[in-house]
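Let's walk through this structure together, one piece at a time. Keep the 3D view open and click along as we go.

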Amino acid sequence: MKTAEKPSILFYNFGAKFGGAEIVLLKYLEKPSQYFDFKVLLNEQGTFYDELIKSGISVEVIGTQADLFYAVRRGDSLSLNLFKLIPAVIQLFYRVVRYFKKNNFDLVVSNTYKSHIILGLAAKFFKVKAVWRFHDIVQREYTFNQFSWFNIKLMKYLVSSITKILSVSQAVTDSFLDFGFDPAKFAVVHNGLDTIKGRSNDGSRNLNQLNIGWIGQFAAWKGIEEFIRLCKALIDQKDNIQPDFQFVIAGSALFGNESYEKQIEEMVEGSYKATFTFLGHVSDSDAFYQRIDIYFHTSIAPDPFPTTVLEAGSRGLLVFASELGGAREIVNDDVTGFLINMRDENTTLKKTIEVLNNFEKHRGKGAKLQARINDELSLVQYRAHFEAEILKAIQAS
């Protein structure tokens, strides 16, 4: 008897830059599925493409002048600049749709905002079976990270043709519901990571010298400016803090925004410089986490489900995380870490000083967070939940 072929899934990621959405997708793809075969489609080559190739994952690139579209942001409304892109948009759309139809996938899963819109149009007009894997909070009020009304209306127009929206957190789902989307379209599938033996587990640390870390893209909404102001305030309060401390910052600005990166580094002037280490972009994030004892996640706009909080927590580090967005679904305040509001500088400063002065008392929260990730947010659980929802989408009429 001939064995039935597995369903075929295409994961569509518009760009090839290696960010949080790409990290968690790669973690899933690194292990073959017993339920279906999969392939990845990109519109350009880049670091994500390189990682997929390195991991032996089937990937194809449709070159469609993807760089032109990076000037278009989800906060943009209709403008002359967008109209100028219409010929390129039409070419991109039809080349991608032709690829979908030619390969006859059982399901296409988009992973980034631009790929959601392209796939949504393909589902609407060409009956491509589609799922959105949504990593973004839909918001209007945060200038740094907002969606235009045009983009929200476009998604509402397309969503009727989407089989399911798999959001990375309840915070993401709630943001859609606030704009009147149908709750039946959504399922929450939290990302997951394996726990890793980290610096906090080896018993070799000098608790009189604590390293406080920040990693991420240098962008205003990530709270990098607020973090540096907090660090400088801690240095000013050094006489009231028992252990010595250093700050380790990893990351860089997006291409074309180097002036902001320089502006950030110039915030650390004079005598403050001796307490800071700027690592720049790091390709091996584990090397960064191995250097630190305390991790700060400092977003000042809602962060959907911060990968860095999972990464730090999976290593047993003590975590301070922004209370805005999905971090609340990872960290239980004062139990597995601390939730903070970086706009409330005085409260955050006082809490940080108290923790530094009582690090031995609080360090166990990192182990509790690591255990929670292992029990509820592991890679195994993420993969099982994700595949269950994918199979439901394939079987849906």
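In which kind of crossing, right-handed or left-handed, does helix 1 pass helix 2? The crossing of helix 1 with helix 2 is right-handed. Bear in mind that what you are looking at is a predicted model.

Let's stay with that pair for a moment. Two packed helices are described by the angle between their axes and the distance between the axes. Here helix 1 covers residues 20-29 and helix 2 covers residues 47-54, and their axes come within 11 Å and cross at roughly 10°. An angle under 35 degrees counts as roughly parallel, so helix 1 is roughly parallel to helix 2. If you want to see who does the touching, pick out Glu 22, Leu 25, Leu 26 and Leu 29 on helix 1, and Phe 48, Glu 51 and Leu 52 on helix 2. Sorted by class, that contact has five nonpolar residues, two charged ones and no polar ones.

Helix 15 (residues 379-395) crosses helix 1 at roughly 85°, with the axes coming within 10 Å. Angles of 65 to 115 degrees count as roughly perpendicular, so that is how helix 1 sits relative to helix 15. From helix 1, the residues involved are Val 24, Leu 25, Lys 27 and Tyr 28, and they meet Leu 379, Tyr 382, Arg 383, Phe 386 and Glu 387 of helix 15. The tally for this contact is six nonpolar, no polar and three charged residues. Notice Leu 25: it is listed in the contact with helix 2 and also in the contact with helix 15.

Now look at Tyr 49, which is in helix 2. Is Tyr 49 buried or exposed? Its relative accessible area is 19%, and the cut-off for buried is under 20%, so Tyr 49 counts as buried. Setting aside neighbours within four places in sequence, Tyr 49 is in contact with Ala 16, Leu 42, Val 59 and Val 61. Asp 136 is 87 residues away from Tyr 49 in sequence, and their C-alpha atoms are 22 Å apart.

Take Met 155 as your way in: leaving out residues up to four places away in sequence, Met 155 touches Tyr 113, Ile 117, Trp 132, Phe 134, Val 138, Phe 147, Phe 176 and Phe 181.

Helix 5 (residues 113-126) packs against helix 6 (residues 149-158) at an angle of about 40°, with the axes 9 Å apart. This crossing is left-handed. Tyr 113, Ile 117, Gly 120, Leu 121, Lys 124 and Phe 125 of helix 5 make the contact with Asn 151, Leu 154, Met 155, Tyr 157 and Leu 158 of helix 6. By class, there are eight nonpolar, two polar and one charged residues in the contact of helix 5 with helix 6.

Finally, a look at some backbone angles. Most residues other than glycine have a negative phi, and most peptide bonds are trans. Asn 104 has a positive phi, near 55°. Asn 104 sits in the loop between helix 4 (86-103) and strand 4 (107-110), and it is exposed at 62% relative accessible area. Asp 334 also has a positive phi, of about 65°. Its loop runs between strand 12 (318-322) and strand 13 (338-340), and Asp 334 counts as partly exposed at 44% relative accessibility.

Terms used: Residues numbered from 1 in each chain as written. Predicted model: local features only at pLDDT ≥ 70, side-chain atom pairs only at ≥ 80, totals over all residues. Heavy atoms only, no water. Axes fitted to C-alpha atoms, helices over the stretch in contact; angles between N-to-C directions. Helix = DSSP H or I, 4+ residues; strand = E, 2+ residues; numbered from the N terminus. Parallel < 35°, antiparallel > 145°, perpendicular 65-115°, else oblique. Left-handed = near helix turned anticlockwise from the far one by under 90°. Contact = heavy atoms within 4.5 Å. Nonpolar A, V, L, I, M, F, W, Y, C, P; charged D, E, K, R; others polar. Buried < 20%, exposed > 50% of the residue type's maximum accessible area, 1.4 Å probe, protein only.
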